[in-house]
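Please keep the sequence and the coordinates at hand while reading.

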Amino acid sequence: MGNTYRIITYGCQMNIHESEKIAGLLENAGYTEANESDPAAVVVLNTCCVRESAETHVLGNLGALKKQWEKYGTKIIVCGCMTQANGTAQKLKERCPFLFAVLGTHNIERIPALLLENSKKTLVEIKEEGVMHEGTPVKRAKDVNAWVNIMYGCNNFCTYCIVPYVRGRERSREKEHILAEIKNLIASGYTQITLLGQNVNSYDIDLHGKPMFASLLSQIADLDGTFRIKFMTSHPKDLDKDVVSVIAQSEKLSKFIHLPAQSGSDRVLHLMNRKYTRAEYLKKIDMIREKIPNAGLSADLMVGFPTESEEDFQDTLSLADTVRYNNLYTFIYSPRSGTPAATMDGQIPLADKKRRIQELIDLQFEIGNALAAESVGKTYTVLAAESKNGHILGETECGKAVTFDGDASLIGKFVRVKITQSKNSKLFGEVL
């Protein structure tokens, strides 16, 4: 097998980017990525624990990887959010004694050094919160988009969410490091930069006592080059007019905002500890549309939160109908051990959850189709991102996905595309 590795990633964009860092660390230490069909000397599982089903998938994969360990002596490392959950690292060590190492989210820089050890016992390193490492080597995906962390952790403690417990408190990177990284990415040819944080709107509050996200966006937009900036994720309570104004004023900032609502019911929002009301959320939506009339909007909406009544659910449906999101990410609430919501009375039967989620999906399907139809005849600036069978898949400045004819030479370029057809919620166009 030689010095080969494979990384299996679960979860969000934050994990995807951390897997790029793990790959960079391993390649910097002399490892190469294994062919998909070949066994690897090192296998890293970068885990997620937002939903317990993700843990089930990890444990299932470990069962299969045990055979690889038995046959080839593969060193299996488990890291990521799952390992930071209370007691999980010890349970993994006891249940899977064949593991080489169990590491926390703040320990991935230790992987190359640990691989030099010949320990016959599972190595466990879990920090509550770690020092932010600048200059970590990164093996990025060879496409138009590059991920950039601007902060880590979360202070919000929504009652359904495990993230603050496993990622720790909010910690912002120094602005100079972020700008230097983005300059290098632009020079390397990346034309879309996506800023990452659990709540990007509170960027810098831990360093200088006040949020400075709008200022950071403005300075990024002032950098030389042709590129587009996106970010995720925004918390509605913290999105302010300064951020929206900067987005409105700069052609380099995507006119697409993901603003998770989670529920349209004030009662449920209070139980979720979301710290805003339905009216306050809709006021933010109105502010966005006033300053950016062509803004694309998406959100997360959850159904089946403990005690959610039919009236509460109808409030969520009416919120989606009022806002008319371009995209909507819908979820069934599932209890997550270690969070307050998991022990709340009034857990909703699964049959009711499934019915409600289907109603929400059906409503969004109608809205998406109608919004797509309204785009026909309009012209957008599209970033060509992917080529397949003579077609290009790209994204407009307001977050709409568009398919049009073209060859691979367009990838990474911005082109003007007129929308000629919509099919369901999908858009098709032609290059002008």
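Is F157 buried, partly exposed or exposed? In this predicted model, F157 is partly exposed, with a relative accessible area of 30%.

**Aromatic pairs**

The structure holds six aromatic pairs, and two of them are set out in the table. A pair of aromatic rings is described by the distance of the centres and the angle of the planes.

| Pair | Geometry | Centre to centre | Angle between planes |
|---|---|---|---|
| W69 and F98 | tilted | 5.6 Å | 35 degrees |
| F157 and Y165 | edge-to-face | 5.3 Å | 80 degrees |

Because W69 belongs to helix α2 (residues 52-72) while F98 sits in the loop between α4 (88-95) and β5 (101-103), their pair ties together parts that are 29 residues apart in sequence. Within this pair W69 is partly exposed, at a relative accessible area of 34%, whereas F98 is buried, at 9%. In the other tabulated pair, the partner of F157 is Y165, and Y165 is partly exposed with a relative accessible area of 37%. Elsewhere, Y160, F305 and Y333 form one aromatic cluster.

**Nonpolar cores**

The largest nonpolar core has 58 residues, and those with the most contacts inside it are L195, F213, L217 and Y281. Helix α9 (residues 213-221) gives the most to this core, contributing six residues. Leaving aside residues up to four places away in sequence, L217 touches L195, I229, F231, V243, V246, I247 and L253.

**Cysteines**

C48 counts as buried because its relative accessibility is 11%, and C161 counts as buried at 17%.

**The barrel**

Five strands close into a barrel in the order β15-β16-β17-β19-β18, with mixed pairing, and neighbouring strands of this sheet are turned by 50 degrees against each other on average, direction ignored. Strand β16 (residues 391-396) pairs with strand β17 (residues 401-405) in the antiparallel sense over five bridges, and the bridge partner of H391 in β17 is D405. Helix α14 (residues 350-375) lies across β15 (379-388), β18 (414-423) and β19 (426-431), and runs at about 125 degrees to β18.

Definitions and conventions. Residues numbered from 1 in each chain as written. Predicted model: local features only at pLDDT ≥ 70, side-chain atom pairs only at ≥ 80, totals over all residues. Heavy atoms only, no water. Buried < 20%, exposed > 50% of the residue type's maximum accessible area, 1.4 Å probe, protein only. Core = buried A, V, L, I, M, F, W, Y, C linked by side-chain atoms within 4.5 Å. Helix = DSSP H or I, 4+ residues; strand = E, 2+ residues; numbered from the N terminus. Contact = heavy atoms within 4.5 Å. Pairing = 2+ DSSP bridges. Axes fitted to C-alpha atoms, helices over the stretch in contact; angles between N-to-C directions. Phe/Tyr/Trp six-rings, centres within 6.5 Å; stacked < 30°, edge-to-face > 60°.
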